[in-house]
Amino acid sequence: MAPQSLAAPAANARREASAWQGGGRPRYPEASVEHASADLVLNAWLGRMTAWISPAALAGAWQDWASHLLLSPDKQAELLLQGFSGLQRWLQYSTGAMVGDSASPVQPLAQDKRFSDPAWRAWPYNQISQSFLLTQQWWHRATSSVRGVSPHHTDVVTFVARQLLDCVAPSNFVATNPVVQQATAASGGWNLIHGAVRAAADARRALVGGTPPAGPRPGRELALTPGKVVMRNRLIELLRYDPATPSVHALPLLVVPAWIMKYYILDLSPHNSLVRYLVELGHTVYMISWKNPGPEDRDLSMEDYRRLGVMEALDTIIQQTGAPKVNACGYCLGGTLLAIAAAAMARDGDERLASMTLLAAQVDFTEPGELSLFIDDSEVAFLEAAMWQQGYLDTRQMAGAFQLLRSNDLIWSRRLRHYFLDLPDQNSDLAAWNADATRMPYRMHSQYLRQLFLKNRLASARYIVDGRPVSLTDIHIPIFAVGTLTDHVAPWHSVYKIVPLSDTEVTFLLTTGGHNAGVVSPPGTPGRSYQMAAHAQDAPYVDPDRWQALNEYRDGSWWPAWESWLARRAGPMRSAPPPVLSLGAAPGSYVLAP
């Protein structure tokens, strides 16, 4: 008999399975309001006015914070004293700053480069910048550590306060930014004229649409590793890359990228292509290229992505190569889907996977990072209304959320360079890929947010595949998981959760960099380092902070360490698999569709 702690979730999962229709398809979470279309129409219309951020969610967060602050006289007194103290420090600093003899009362955070130019140290700009930083510091204290406020609402209020303050930062205005004033004097004002022209062009594209400035494109400057399309269905094109060595490893590699991005993040330019790197070391690499969905794809589900994506790709690879097993690698959301597929395969006795690699991929969503600011029941319902109307989550809606998470770098710093300093955007390969955004189908994205983010069903063995729950503990193949140190999309502490959630050997690697630049880190990239250690199946658990303290840093790219691990599980070298019917040359047609 199963222990009670396990039997109860299993029973709940079986009851939930009855809500799923054939093929593992769940009913819409919002199906009960499909006929109340006035609600959906109103919310969809309102979303255009609020940048798709739920006003109800914001109002709830601010009400929670304000009411508890009102009931906290100690906190009020603390803030009052801190306000007077900050004002006193600023007045003392201002007096000394006028004669050049005063230490700054507050320093910006390490990642805040707005006031790093020496011009900001001259009077009166030093006074202006210090006034802003002291105000920012006070508001951070005011919105955090208020007794009784939920952690999520604390994060939301702190985030919104920071965004509002960033809007009025002195670096954003000509009158208070000495760097802009110097550039204006040097160019005779032409920097502002050129910036106004760029701003008008950008505003026109935002309002009425249009083609962005030309940049590198896949198949021309990007995604150049030779290969061919060897399978196509309504959701994916499967690419197989041509061998670059006389012999190859016996077991091929399937790469499952996220469909929130286009696959060629892993095949950018020849010098930083992970695909080319692996092919040149004797691996037969297959890559899924996802279709960019349109309104006609609104009913595509998470199960469709598993079945038409991972499973049909595996079937094709086994058939074409004759290999008994396949190594698989998933990136970001593609790694989450791969983990779901691997758990279902293990449950059903399907042993075709030899190993699984997860690149910046989460399987537990209790600590999903700053993205959780935009994900609660109110916000998800608001997004569902927008997707209900158009059939998908638009590229601009997703891009807006990511830009807000890094507003200093992606909004205000770009505005400063582009509109005030007359510095055009750099057409790098990573910037071109980042601008080549995708859409998310209505049904799939709703399921993803509700089943994984809100209910965390995969980590709790309640995620349903083919009418039955799957458990990550059923996976017994070796796992290699990569986290990136400054990842704001999949924080490495969250990625590390695969260690306690699986019942197999897990090699965890932590590398410097963020969600994209940390993964695209070829040998020779300056300033890169990583930590790596294997956790045996029966070894005691080590928490992530202790893991980080115990393992030494190794200089260089993490790619060779992973390839060495992969090669040991890819079998002996043999002749390349026979050629197959080509449906077209890589990068294929799906990646080129707008």
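I began at N177, which is buried (under 20% relative accessible area, with exposed meaning over 50% and partly exposed in between, for a 1.4 Å probe and protein chains only), its relative accessible area being 2%. The model is predicted, so local features need pLDDT of at least 70 and side-chain atom pairs count only at pLDDT 80 or more, whereas totals for chains, interfaces and linings use all residues. Residues are numbered from 1 along each chain as its sequence is written, and side-chain values use heavy atoms, with hydrogens and water left out.

I placed N177 in the loop between α6 and α7, where helices (H or I, at least four residues) and strands (E, at least two) are DSSP runs numbered from the N terminus. Setting aside neighbours within four places in sequence, I found N177 in contact (heavy atoms within 4.5 Å) with W120, P170, S171 and L416.

I then turned to helix α5, residues 125-143, which has 19 residues and reaches 27 Å from its first C-alpha to its last, close to the 27 Å expected at 1.5 Å a residue; the expected span is 1.5 Å times one less than the number of residues. Its buried residues are Y125, N126, Q127, S129, Q130, F132, L133, L134, Q136, A142 and T143, and I noted that the buried residues of α5 pack against α3 (55-70), α4 (73-97), α6 (151-167) and α7 (178-187). As a reminder to myself, an α-helix has 3.6 residues a turn, so residues three or four places apart point the same way. After α5 comes S145, with a positive phi near 60°.

Next I went through the backbone exceptions, bearing in mind that most residues other than glycine have a negative phi and that most peptide bonds are trans. W123 and P124 are joined by a cis peptide bond with omega about 5°, and P124 is found in the loop between α4 and α5.

A360 is not a glycine, yet its phi is positive, about 50°; I located A360 in the loop between β9 (353-359) and α12 (377-390), and A360 counts as buried because its relative accessibility is 1%. D422, also a residue other than glycine, has a positive phi near 60° and sits in the loop between α14 (407-420) and α15 (429-435), but D422 counts as partly exposed because its relative accessibility is 24%.

For the interior I looked up the nonpolar cores, each a set of buried Ala, Val, Leu, Ile, Met, Phe, Trp, Tyr and Cys residues joined through side-chain atoms within 4.5 Å. The largest has 120 residues, and those with the most contacts inside it are L254 and W562. Helix α11 (residues 333-347) gives the most to this core, with 10 residues. Not counting residues up to four places away in sequence, L254 touches L238, Y286, I288, V310, A313, L314, I317, V326, N327, A328 and C329. Apart from this core lies another, of 13 residues, among them A61, V149, V156 and F159.

My last entry concerns β3 (residues 227-232) and β4 (residues 236-241), which pair in the antiparallel sense over 5 bridges, pairing being called if DSSP finds at least two bridges between two strands. A hairpin of 3 residues joins β3 to β4, and K228 has R240 in β4 as its bridge partner.
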